[in-house]
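Trainee: Could we go through this one together? I would like to learn how its pieces are put side by side.

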Amino acid sequence: MIRFACPEMFLLILLPLLFRYLVPAAKGLHGDALRVPFLADIRRISVASGGIWGMSSAKGQNLWRLFPIILIWLLLAAAAARPQLQGEPQRLNNQGRDILLVVDISTSMLQKDFGYQGGRLSRLSAVKAVISDFIQKRADDRLGLILFGTRAYLQAPITYDKKSVGEILWNTDAGMAGDTTSIGDALGLALKTLKDSPDHDKKVIILLTDGENNDGSLSMAQTMKLAEEEGIKIYTVGVGAPNAFFTSFFGVKLGTGLDEDSLKQLAAVTKGNYFRAENTGDLLKVYQTIDKLEARAGDENFVVEITELYYWPLLLAALLSMAFVYVLKRRG
C-alpha cells in the first residue's frame, strides 16, 4: 500500500500561485531584483513565433506550453511528501519471557498413579509429556531447565533452543539426582540463574514436585524470603494422588507426601499460583492454565516494513528538467 509520510507538503503546489498573486514584483534601478539564469529560456514559451515542442503560439495554449514546468513542480512536491510503500504487518519474535522449569526427579516420581488411556503412567512420564507440549507452545520465550532430587542441577540454561530443552527432559530418569527432595536448593539455583536477566516482569519459575523439602541446605522459609526479594513470579505444581507415598523394594519409605502449605505460601509471596495435579488430565490443565496466564509477550507486537519511494518522483523531476532545458536550448 502506498502512503505519504508528509502529505502536508502537497501544499507546496499552491506556492507559485501565492507568489504570483500576493507578492508584488520587486523593481529597482537595475531592473528585476531576482535573476534566474534560464529565465530567458522560459520566457520563450510565450513568444508568438513558436512553442516548446512546435505548439501554436496562440494565447489560449500558453498553459499547455507551461505543462513541463507544472509537471516538474508537482513531482517535486510529491517527493517532498515522502511516498512510502507499506508492507504487511509482521509479528515480532523472541519478545517473550524467561521461563525456568524446575522439575523434581527424585525416586518418588516413579510412582505409577497417573491414569492415561486406560493404563497407568509414572508421575515423571506424565510430566515429561505435558511439559514437552508446554515447551513447544512457548514460541517467543526463552526456556531453561533445572532437575533436582537430593541435589539440583542446571541442565539447560535460559535459551531459545526449545528442542534441546525438550530432549534433555525426555532423557531424564527418576533418581538421577538422588532419592530425596531438595526444593529449597533447586529454587535457590533457579533464582541465581534468573538474577542477571534484564526484565523482572518477564521472569517466571515453574516448580513441579511431588514431595516436601526434606534435604539440602536451604529451608523453605529461606527460599521464600529470597524469592520475595528477587521479585520473580513462581508457579508451584504439586503432583501425585492424595496421601500417596513411595516405598522402595527394601521397604524404605522415600517420600512422606506433598507439602502443599509451603507450595501455596511460596506462590502467594511471589504473586504466582499454586496448582494441584492428581492425574494426567489435571496436569495437562495446569500447564494450559499457566500458558494462558503467562501470555506470550510477542503475540501483540507487530512491525511494518516501510520502503521510501521519494527518490522516484525526484529522479523523474530531474530528468524532465534536463530534457526541458535541452529542448529550449535546441530551439533557441
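Trainee: How many aromatic pairs does the count come to?

Mentor: Bearing in mind that this is a predicted model, the count comes to five aromatic pairs. One of them is formed by Tyr 235 and Phe 275, a tilted pair with 6.3 Å from centre to centre and 40° between the planes.

Trainee: Which parts does that pair tie together?

Mentor: Tyr 235 lies in strand β11 and Phe 275 in strand β12, so the pair links parts that are 40 residues apart in sequence. Those two strands also pair with each other, in the parallel sense and over four bridges, and Phe 275 is the bridge partner of Val 237.

Trainee: What is the order of the strands in the sheet?

Mentor: The order is β9-β8-β5-β10-β11-β12, in an open sheet of six strands with mixed pairing. The edge strands, which each pair on one side only, are β9 (152-159) and β12 (274-277). On average, neighbouring strands of this sheet are turned by 15° against each other, if direction is ignored.

Trainee: And which strands does helix α5 lie across?

Mentor: Helix α5, made of residues 123-137, lies across β5, β8 and β10, and its direction is at about 175° to β5. Helix α9, for its part, lies across β10, β11 and β12, running at about 160° to β11.

Trainee: Staying with α9, at roughly what angle does it cross α8?

Mentor: The axes of α8 (residues 220-230) and α9 (residues 260-269) cross at roughly 15° and come within 9 Å, which means that α8 is roughly parallel to α9. Their crossing is right-handed. On the α8 side the residues in contact are Met 220, Met 224, Ala 227 and Glu 228, and they meet Ser 262, Gln 265, Leu 266 and Val 269 of α9. Sorted by class, this contact has five nonpolar, two polar and one charged residues.

Trainee: New topic: how far apart are the axes of α4 and α11?

Mentor: The axes of α4 (residues 67-80) and α11 (residues 311-331) are 8 Å apart, and the helices pack at an angle of about 160°. Because of that angle, α4 counts as roughly antiparallel to α11, and the crossing is left-handed.

Trainee: Which residues meet there?

Mentor: Among them are Ile 69, Ile 72, Leu 75 and Leu 76 in α4, while the α11 side includes Leu 316, Leu 320, Ser 321 and Phe 324. By class, the contact of α4 with α11 has 14 nonpolar, one polar and no charged residues.

Definitions and conventions: Residues numbered from 1 in each chain as written. Predicted model: local features only at pLDDT ≥ 70, side-chain atom pairs only at ≥ 80, totals over all residues. Heavy atoms only, no water. Axes fitted to C-alpha atoms, helices over the stretch in contact; angles between N-to-C directions. Parallel < 35°, antiparallel > 145°, perpendicular 65-115°, else oblique. Left-handed = near helix turned anticlockwise from the far one by under 90°. Contact = heavy atoms within 4.5 Å. Nonpolar A, V, L, I, M, F, W, Y, C, P; charged D, E, K, R; others polar. Pairing = 2+ DSSP bridges. Phe/Tyr/Trp six-rings, centres within 6.5 Å; stacked < 30°, edge-to-face > 60°.
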